[in-house]
Amino acid sequence: MNSVQGLLAASVISIQNSCFIYPACQNCFSRLILNSSRFHCLKCGCTGEAKDASYRYRLSLKIADTNDLFDITVFGSCLDPFFGITAENLQRYIQDFNQLSGETNTELSTRALVRAVETCFIGKRFIFGV
């Protein structure tokens, strides 16, 4: 991991994508390739059962300080307090919700999550370690 080189106080202008959670390799944190029964990490070669894949937060933001605009990505458990839950548990809740509701199109739950994240972050000022 890189250490923080400086701090930046900035406001969130927008959320750059709707994918806030991704299946992550336990060894290198790279995105896993999932199929119905297995996962595979292209970076380090780690493999396993898809049901055992762990998840991490990845929040891509457009932010602005008093002078400039920046695109940044915030990863990992530092986002747990903002979401109020780990990425692993949020992924589980989303899957359970979609199964219980019989929802085959996950667009509704994704849209609701995007709106909630936008409400919590857009227009708010944070201090980012860069």
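Two strands count as paired if DSSP finds at least two bridges between them. With that in hand, E3 and E4 make a hairpin with 3 residues between them. This is a predicted model, and the tour below goes from that hairpin to the cysteines, the nonpolar cores, the aromatic rings and a couple of residues in loops and helices.

- E3 and E4 run antiparallel and are joined by 3 bridges.
- One of the residues bridged across this pairing is leucine 34, whose partner in E4 is phenylalanine 39.
- On its other pairing, E4 (residues 38-41) meets strand E5 (residues 47-49), again in the antiparallel sense and over 3 bridges.
- Here arginine 38 has glutamate 49 of E5 as its bridge partner.
- E4 and E5 also form a hairpin, with 5 residues between them, and glycine 45 in the turn has a positive phi of about 85°.
- Which face of E4 is covered? The covered face carries Phe39 and Cys41, while Arg38 and His40 are on the uncovered one.

**Cysteines**

- Searching the whole structure turns up 0 disulfides.
- Cysteine 41 is in no disulfide, and its nearest cysteine sulfur, that of cysteine 28, is 3.5 Å away; the cut-off for a disulfide is 2.5 Å.
- Cysteine 41 has 0% relative accessibility, so it counts as buried.
- Cysteine 120 is a clear case: its sulfur is 15 Å from the closest cysteine sulfur, in cysteine 78, and that is too far for a bond.
- Cysteine 120 counts as partly exposed because its relative accessibility is 43%.

**Nonpolar cores**

- In soluble globular proteins, nonpolar side chains tend to be buried together.
- The largest nonpolar core here has 24 residues, and the members touching the most others are Phe20, Leu61 and Phe128.
- Elements giving two or more residues to this core are strand E1 (7-15), strand E6 (54-64), strand E7 (69-75), helix H2 (87-100), H3 and strand E8 (125-129).
- E6 supplies the largest share of this core, with 5 residues.
- Apart from this core lies another one, of 6 residues, including Leu32, Phe39, Cys41 and Cys46.
- What does leucine 61 touch, leaving aside neighbours within four places in sequence? Its contacts are Val12, Ser14, Ile15, Gln16, Phe70, Asp71, Ile72, Val74 and Phe128.

**Aromatic rings**

- The whole structure holds 8 aromatic pairs.
- Phenylalanine 20 and phenylalanine 83 have ring centres 6.4 Å apart and planes at 50°, so this pair is tilted.
- The pair links distant parts of the chain, 63 residues apart: phenylalanine 20 is in the loop between E1 and E2, and phenylalanine 83 is in helix H1 (residues 80-83).
- Phenylalanine 20 and phenylalanine 83 are both buried.
- Phenylalanine 83 also forms an aromatic pair with tyrosine 57, a stacked one, at 4.3 Å centre to centre with 15° between the planes.
- Tyrosine 57 lies in strand E6 and phenylalanine 83 in helix H1, so their pair ties together parts 26 residues apart in sequence.
- Tyrosine 57 is buried at a relative accessible area of 1%, and phenylalanine 83 is buried at 19%.
- One aromatic cluster takes in Phe20, Tyr57, Phe82, Phe83, Phe121, Phe126 and Phe128.

**The loop between E2 and E3**

- Phenylalanine 29 is in the loop between strand E2 (21-24) and strand E3 (32-34).
- Most residues other than glycine have a negative phi.
- Phenylalanine 29, though, has a positive phi, near 65°.
- Is phenylalanine 29 buried or partly exposed? With a relative accessible area of 38%, phenylalanine 29 is partly exposed.
- Arginine 56 lies over the face of phenylalanine 29, at 4.1 Å from the ring centre.
- Serine 30 is also placed in the loop between E2 and E3, and it is buried, with a relative accessible area of 18%.
- Beyond its neighbours within four places in sequence, serine 30 is in contact with Tyr22, Pro23, Ala24, Cys25, Cys41 and Lys43.

**Arginine 111**

- Arginine 111 is found in helix H3 (residues 107-121) and counts as partly exposed, at 39% relative accessibility.
- Arginine 111 and serine 18 are 93 residues apart in sequence, yet 8.1 Å apart in space, C-alpha to C-alpha.

How values were computed: Residues numbered from 1 in each chain as written. Predicted model: local features only at pLDDT ≥ 70, side-chain atom pairs only at ≥ 80, totals over all residues. Heavy atoms only, no water. Helix = DSSP H or I, 4+ residues; strand = E, 2+ residues; numbered from the N terminus. Buried < 20%, exposed > 50% of the residue type's maximum accessible area, 1.4 Å probe, protein only. Contact = heavy atoms within 4.5 Å. Core = buried A, V, L, I, M, F, W, Y, C linked by side-chain atoms within 4.5 Å. Phe/Tyr/Trp six-rings, centres within 6.5 Å; stacked < 30°, edge-to-face > 60°. Lys NZ or Arg CZ within 6 Å of the ring centre and 35° of its normal.
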